[in-house]
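Colleague: Hi! Could you walk me through this protein? I'm new to reading structures.

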Amino acid sequence: MDFGTRLFRTALLGLAGNRAARALSQKYGLKLGASRFVAGETMDDAIAQAKRLNAAGITVTLDYLGESIGSMEEAAESEQAYHALLASIHREGIQGNVSLKPTQFGLAIDRDGCRSGIRSVVKEAARLGLFVRLDMEDSPWTEATINLVRELHAEGCCNVGTVIQAYLYRSELDIHQLTAEGINLRLVKGAYKEPRKLAFDSKRVVDANFRRLIAARLDSRVYTAIATHDEAIIRYTKSYARTRGIPRTAFEFQMLYGIRTPLQLALAKEGYTVRSYVPFGRSWYPYFVRRLAERPANLTFIMRSIFTR
Ligand code: FAD
């Protein structure tokens with residue numbers, strides 16, 4: 001990554017945690033251009049988009065946005081929102097599941113309370129035949145998130161999985177352990193600002209590690225989601241699976257709502273399972289800023305859409 005891009009990314013990721021900027025974003029709703037990446041502010045908006053994607057052959061994971069909450073009352077609201085979301089997915093016959101962030105359930109405030117909130121969502125999802133993915137946030141939460149998923153699995157909840165980030169040095173070991181326990185994983189490059197003592201800094205090295213992790217998981221046949229918009233990585237996955245005789249039922253591709261939609265459609269047409277990550281809710285600001293940081297060109301797109309409205 002060149003110096004300018006690194007500086008841009010660091011500045012934007014710093015803004016993701018800024019409370020004043022977040023409050024301002026809520027005031028202006030999705031008008032700042034975030035609607036390109038966010039399905040809407042309500043559950044009905046998300047369900048409508050999920051139906052549209054399902055009709056095009058794309059399955060979904062619905063994410064009620066909200067992270068780093070300030071109290072366990074807010075955690076209880078997240079829990080209720082996820083119960084409502086599961087009921088709606090089930091009632092509307094949506095081909096999809098849910099993703100949630102552990103800090104949205106109070107991981108930073110009360111670990112036992114967080115565990116019990118997430119457990120209640122996972123149990124309800126199991127009752128409805130649905131799957132729950134715990135997204136991976138920044139490194140202070142890696143260990144706790146993995147442990148939470150392992151505990152739930154050990155309790156017999158097999159409908160829960162998490163995410164492993166290729167930029168972290170620890171990921172190879174984590175994959176080894178989680179694969180041995182048969183845990184469903186999503187593999188990503190990683191979206192947060194991490195210190196050099198924990199994470200690879202160079203895109204080339206992260207990409208190489210991503211390929212290694214993909215190969216290890218495909219060889220294991222434990223169900224894996226490869227979540228990327230990187231066509232070289234997608235080509236690598238397809239070719240690795242083909243040459244090793246790994247069935248398409250052992251993995252899926254995931255991409256974010258609003259990004260590379262033609263590629264999502266093309267993969268689905270080829271017969272791969274493709275899942276679009278569909279975020280919705282009023283707390284869209286940090287999610288939106290991470291999407292801008294991933295690709296400087298997005299900022300130009302957003303500026304253009306604001307000034308040409
Ligand atoms: P890159 O090398 O960053 O991008 C490859 C190409 O994809 C770019 O050249 C560009 O054309 C396109 N592209 C990538 N990002 C964008 C964008 N924002 N806007 C427009 N085009 C873009 N990260 C976590 O840390 N934890 C998670 O739980 C997590 N969950 C995710 C779930 C899904 C379904 C996906 C797809 C990503 C998730 N991520 C998560 C984000 C991930 O870590 C990366 O930050 C993100 O996917 C960008 O990396 P990339 O693999 O697409 O490759």
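Predicted model: local features only at pLDDT ≥ 70, side-chain atom pairs only at ≥ 80, totals over all residues.

Colleague: Okay, what is the mean pLDDT of the protein?

Modeller: The mean pLDDT is 91, and 86% of the residues reach 70 or more. The model also scores ipTM 0.97 and pTM 0.91.

Colleague: Got it. How many helices and strands are there in the protein?

Modeller: The protein has 12 helices and 8 strands.

Colleague: And what percentage of the residues is buried?

Modeller: Out of 309 residues in the protein, 40% are buried.

Colleague: Which residues touch the most other members in the largest nonpolar core?

Modeller: That core has 75 residues, and V38, A50, L62, V98, L187, V278 and F288 touch the most other members. Helix α11 gives the largest share of this core, 6 residues. As background, nonpolar side chains in soluble globular proteins tend to be buried together.

Colleague: Let's pick F288. What is F288 in contact with, leaving aside its neighbours within four places in sequence?

Modeller: F288 is in contact with A34, F37 and V38. V38 is also one of the core residues that touch the most other members.

Colleague: Switching to the ligand: which residues come nearest?

Modeller: There are 22 residues around the ligand, and D135, V188, A191, T228 and H229 come nearest. By type, the shell divides into 10 nonpolar, 6 polar and 6 charged residues.

Colleague: Which element supplies the largest share of that shell?

Modeller: Strand β7 does, with 3 residues. β4 (160-165), β7 (251-256) and α11 (285-294) each supply at least two residues of the shell.

Colleague: Now the strands. Which residues of β6 are on each side?

Modeller: Strand β6 covers residues 224-227, with T224 and I226 on one side and A225 and A227 on the other. These four residues are all buried, so both faces of the strand are covered. In general, side chains in a regular strand alternate between the two faces of the sheet.

Colleague: In what sense do β5 and β6 pair, and over how many bridges?

Modeller: β5 (residues 185-188) and β6 pair in the parallel sense over 3 bridges. For example, T224 in β6 is the bridge partner of L185.

Colleague: Where is R221 found?

Modeller: R221 is in the loop between α8 (203-220) and β6. Its phi is near 65°, a positive value in a residue other than glycine. R260 also has a positive phi, of about 50°, although it is not a glycine. R260 sits in the loop between β7 and α10.

Colleague: Why does R221 count as partly exposed?

Modeller: R221 counts as partly exposed because it has 14 C-beta neighbours inside 10 Å, and a buried residue would need 20 or more. R260 is partly exposed too, with 17 other C-beta atoms within 10 Å.

Colleague: Last one: where is L263?

Modeller: L263 is in helix α10 (residues 261-269). With 15 other C-beta atoms within 10 Å, L263 is partly exposed. L263 and G182 are 81 residues apart in sequence and 29 Å apart in space, C-alpha to C-alpha.

Methods
Residues numbered from 1 in each chain as written. Near = placed C-beta within 6 Å. Nonpolar A, V, L, I, M, F, W, Y, C, P; charged D, E, K, R; others polar. Core = buried A, V, L, I, M, F, W, Y, C linked by C-beta atoms within 7 Å. Buried ≥ 20, exposed ≤ 12 C-beta atoms within 10 Å, placed from the backbone. Contact = placed C-beta atoms within 7 Å. pLDDT = per-residue confidence, 0-100. Pairing = 2+ DSSP bridges.
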